[in-house]
Each structure stands twice: as C-alpha cells, then as structure tokens.
Amino acid sequence: IETRSGADLRKTGVHRYVEDPAFQVLIIGYSIIREYHGGIRRESKATTLDLTDTARVRKFNSLLQDPTIEKHAYNAQFERICLSRFVGLPPQTYLDPKNWHCSAIKANVNGVYGSLDSVAKTLGSPIKKDPVGKNLIRFFSVRDRKTGVFNEMSDHPKQAEQFESYCVRDVETEFMVAHLLEDTGEDVQREYEEDQRISDTGILHNEALSTAAVAAVTAEKQKIETQLKALTGLDNPNSTKQLSEWIAGKGYPMASLNKE
C-alpha cells in the first residue's frame, strides 16, 4: 500500500501514524494466490484495487477480516495497521494478526536482513524495487514544504500512474522474495502473531511502581554524583575527559572508560 499522514512514520511508529487526521490510504496493490496439493498458483499478476469501486472494496475488506485467508506482506505490520483504518475499524483497534504473514520475519529467520530492496538484491531476485519510488513517495506522501499541503493524485495523473506502477512492482518483488525463502514454521508464526498483539494493545503495568522506580533511580543518581564530586573534587565527574585525567593522575591511566 501507499499512504500519507501528517505524522512522521520514522518518529511516531505506525500506530500513531494512522491516528493522524490526515492519514489516508492512497493505493492498494495486491495479488491473489491459491494453494493446491501443496503447491501454489497465481490467480492474477499484481494489480491495484479501484478504490472508487464500492463492491470490490467491500469484497476486499471482507477478505482482510477473514482469519482463514493468509495475508502476506514485507513488514506486514504496516499494511495491517494502515488497513485497519481503511476497513473502518475504530481508533486504536486493529485487524487481528491471525494469518498475517511477514516476509521480513521470514527473511530474518533465514539470516537475511534489511529493507525489501536490499533483501531482494541479496537473494538475487529477478524482480526488484523500482528506485523511482522514493521520489514519488516524497511527492504524494509528504506535505509540500512551502505550501504545507499534499499533492493530490487526481491533479497529477502522470505521476499517479507511475506511483501505481511502483506499488504493483513492490507486490511482485514481495511475492518473489517470499517464495525464494524457506518457510519459518508454525512456531515462528504463532510467536509473530503474539508479538503483534502485544504491540497493538501494550502490556499492563503498575503506574505507582513505575513512578516510584524512576524517583528511586533519580535520587540514587544524585547521591552518587554528590559522593563522586566529594571524592574527586571534579566539577563534573560524568565528564569522560575530567574523570580520565583524574584516574591517570592517581597512577591508573586508562585507554578507555568503557564498561569492558
């Protein structure tokens, strides 16, 4: 999928990214795959979903929410959380990760790391990401610095067509990467699904205990700093330079103050 939001994904993470009022799914690319006798068959090459076709969108949304159907993507959390908003789930509620399969996890388990682009290159995939995509993402998914508004796809049909082609190419690349890698097994899949549920909901914590722990650490830090200042006579015993010189002056020159 291609999206936009007023939030910076790298700073906020995907859960806050989709809660921004400006969040929108711009393009959805997909390919339908069927299993048979232990093998697979492509029903169609990758294509984009016509977001103006209400019937097709309704069918697509029902497939997304059907836990018996596998959904595959590279860094699948992004698709799952973004598409949770697309199907109309309330804020801070998300599609259950059951049967969502992440080919980035699959790559990691097989000892291959990095972005989809780098993994595709490492595996020698005949299909790779289109490098033009970065410019198109900046054009449609990031606000214009001067005007503070997004470029609308309807106003730029040529670039919009390129953006859709880029998205389709990504689907083809993800498909190829996923099938060049060995399956991870059910145990890893269950672990991934549980990990995703924790990411979606968080974990319970004792606020009073957490607050007390922070206060205890702060008080202990201040106590130790006071003791260090009295012991060394330094203005700032946290300064590596000052502390190194003081230690050397005591006859213990250290090449480094690293823990090791």
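Glutamate 245 is partly exposed, with a relative accessibility of 48%, where partly exposed describes the values between buried, which is under 20% relative accessible area, and exposed, which is over 50% (1.4 Å probe, protein chains only). The model is a predicted one, in which local features need a pLDDT of at least 70 and side-chain atom pairs count only at pLDDT 80 or more, whereas totals for chains, interfaces and linings use all residues. Residues are numbered from 1 along each chain as its sequence is written, and side-chain values use heavy atoms, with hydrogens and water left out.

Glutamate 245 forms a salt bridge with lysine 241, and the closest N and O atoms of the two are 2.9 Å apart; a salt bridge is here a side-chain nitrogen of Lys or Arg within 4 Å of a carboxyl oxygen of Asp or Glu. Both residues belong to helix α11 (residues 240-249), where they are four residues apart and therefore separated by about one helical turn. An α-helix has 3.6 residues a turn, so residues three or four places apart point the same way. Lysine 241 is exposed, at a relative accessible area of 59%. Helices and strands are DSSP runs numbered from the N terminus, a helix being H or I over at least four residues and a strand being E over at least two.

In total, the structure holds 10 salt bridges. Side chains of opposite charge can pair when their charged atoms come close. One of these bridges joins arginine 4 to glutamate 152, with 3.1 Å between the closest N and O atoms. Arginine 4 is in strand β1 (residues 2-4), while glutamate 152 is in the loop between α7 (133-141) and α8 (157-180), so the pair ties together parts that are 148 residues apart in sequence. Arginine 4 is buried, at 7% relative accessibility, whereas glutamate 152, at 33%, is partly exposed. When residues up to four places away in sequence are not counted, the residues that arginine 4 touches include Tyr17, Phe23, Phe140 and Glu152, where contact means heavy atoms within 4.5 Å.

A further salt bridge is formed by the side chains of glutamate 19 and arginine 85, at 3.2 Å from N to O. Glutamate 19 lies in helix α2 (residues 14-19) and arginine 85 in helix α4 (residues 76-86), so this pair ties together parts that are 66 residues apart in sequence. Glutamate 19 is partly exposed, at 30%, and arginine 85 is buried, at 16% relative accessibility.

Helix α7 has Gly133, Leu136, Phe140 and Ser141 among its buried residues. These residues cover an arc of only 95° around the axis, which puts them on the same side of α7; the arc is that of the directions from the helix axis to the C-beta atoms. The buried residues of α7 pack against β1, β2 (24-27) and α8, and the face turned away from the buried side carries the exposed residues Lys134 and Arg138.

The structure also holds six aromatic pairs. The rings of tyrosine 17 and phenylalanine 78 have their centres 6.0 Å apart and their planes at 50°, so this pair is tilted. Rings of Phe, Tyr and Trp (its six-membered ring) pair if their centres lie within 6.5 Å, and planes under 30 degrees apart count as stacked, over 60 as edge-to-face and the rest as tilted. Tyrosine 30 and phenylalanine 60 form another tilted pair, with 5.7 Å from centre to centre and 55° between the planes. Tyrosine 30 and phenylalanine 60 are both buried. Phe139, Phe140, Phe163 and Tyr166 form one aromatic cluster.

The largest nonpolar core has 34 residues, and those with the most contacts inside it are Tyr17, Val18, Ile28, Leu64, Cys82 and Leu83. Helix α4 gives the most to this core, with five residues. A second, separate core of nine residues includes Ile27, Phe163, Tyr166 and Cys167. A nonpolar core is a set of buried Ala, Val, Leu, Ile, Met, Phe, Trp, Tyr and Cys residues joined through side-chain atoms within 4.5 Å. Tyrosine 17 is buried, with a relative accessible area of 7%, and among the residues it touches, not counting those up to four places away in sequence, are Arg4, Phe23, Phe78 and Cys82.
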